[in-house]
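Work through the exercises below with the sequence and the model open. Each task is followed by a solution in steps.

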Amino acid sequence: MQLLFSLVMRMPSGSYQVRRSIFSSHETIQLCMSFIVCLGAALEQLFKDAPSVELPSELLASDDLTILELAVRTDTVPSNYHGQKLIRHGGLYINAVRVSSTEELFQKDKDLLSGNMTILRTGKKSYRLIKWR
């Protein structure tokens, strides 16, 4: 849910009270995430300063694409070794969900956001926007 926190923190400062209430209940977080996911253009605008990469949508047809492989292919991590280490220590996220296994597969129905985008995060603040074309 840290991605949600980052997105909310970028809102205008006049909405501070709204930001605090978003974190008061799990249902509100889920509702807000659903709303944010539906706004592909808004995501692109929010992540305009983050590094982004375009990948061919043919990769989505592959049933054996791991999130680790995706992270290496997009230069989110420099190598398989560094990616495995990052995942073991809980530092790789896809769309605000921690990647728990080096063998975890990219699931088109779950990991593809509105607007054919995916967000990878390493650590606390390093984001990479993947645009599927």
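**Exercise 1.** Which residues have the most contacts inside the largest nonpolar core?

Solution. Start with the basis of the values: this is a predicted model, where local features need pLDDT of at least 70, side-chain atom pairs count only at pLDDT 80 or more, and totals for chains, interfaces and linings use all residues. Residues are numbered from 1 along each chain as its sequence is written, and side-chain values use heavy atoms, with hydrogens and water left out.

Next, apply the term: a nonpolar core is a set of buried Ala, Val, Leu, Ile, Met, Phe, Trp, Tyr and Cys residues joined through side-chain atoms within 4.5 Å. Buried means under 20% relative accessible area, exposed over 50%, and partly exposed in between (1.4 Å probe, protein chains only).

The largest core holds 18 residues, and I67, L70, F106, L120 and W132 have the most contacts inside it. Two or more residues each come from α5 (67-73), β2 (92-94) and β5 (126-132); α5 gives the largest share, four residues. Helices (H or I, at least four residues) and strands (E, at least two) are DSSP runs, numbered from the N terminus.

**Exercise 2.** List the residues that L120 touches, leaving out those up to four places away in sequence.

Solution. Contact means heavy atoms within 4.5 Å. By that rule L120 touches I67, L70, A71, T74, T76, Y93, I94, S126, Y127, R128 and I130. Another core lies apart from the largest one; it has eight residues, including F47, L113, M117 and L129.

**Exercise 3.** How many salt bridges does a search of the whole structure find?

Solution. The criterion is a side-chain nitrogen of Lys or Arg within 4 Å of a carboxyl oxygen of Asp or Glu. The search finds two.

- R133 pairs with E54 at 3.9 Å, N to O. This pair links distant parts of the chain, with R133 in the segment after β5 and E54 in strand β1 (residues 52-55), 79 residues apart. R133 is partly exposed at 48% relative accessible area, and E54 is exposed at 51%.
- E69 pairs with R73 at 3.1 Å, N to O. Both lie in helix α5, four residues apart, about one turn of the helix. E69 is partly exposed at 31%, as is R73 at 41%.

**Exercise 4.** Where is confidence lowest, and where is it highest?

Solution. The lowest mean, 41, falls in helix α2 (residues 16-22), and the highest, 94, in helix α6 (residues 80-88). Residues 1-25 have pLDDT below 50, and this stretch has 35 contacts in the model beyond near neighbours in sequence. The chain averages 76, with 69% of the residues scoring at least 70.

Note on methods:
pLDDT is the predictor's confidence in each residue, from 0 to 100.
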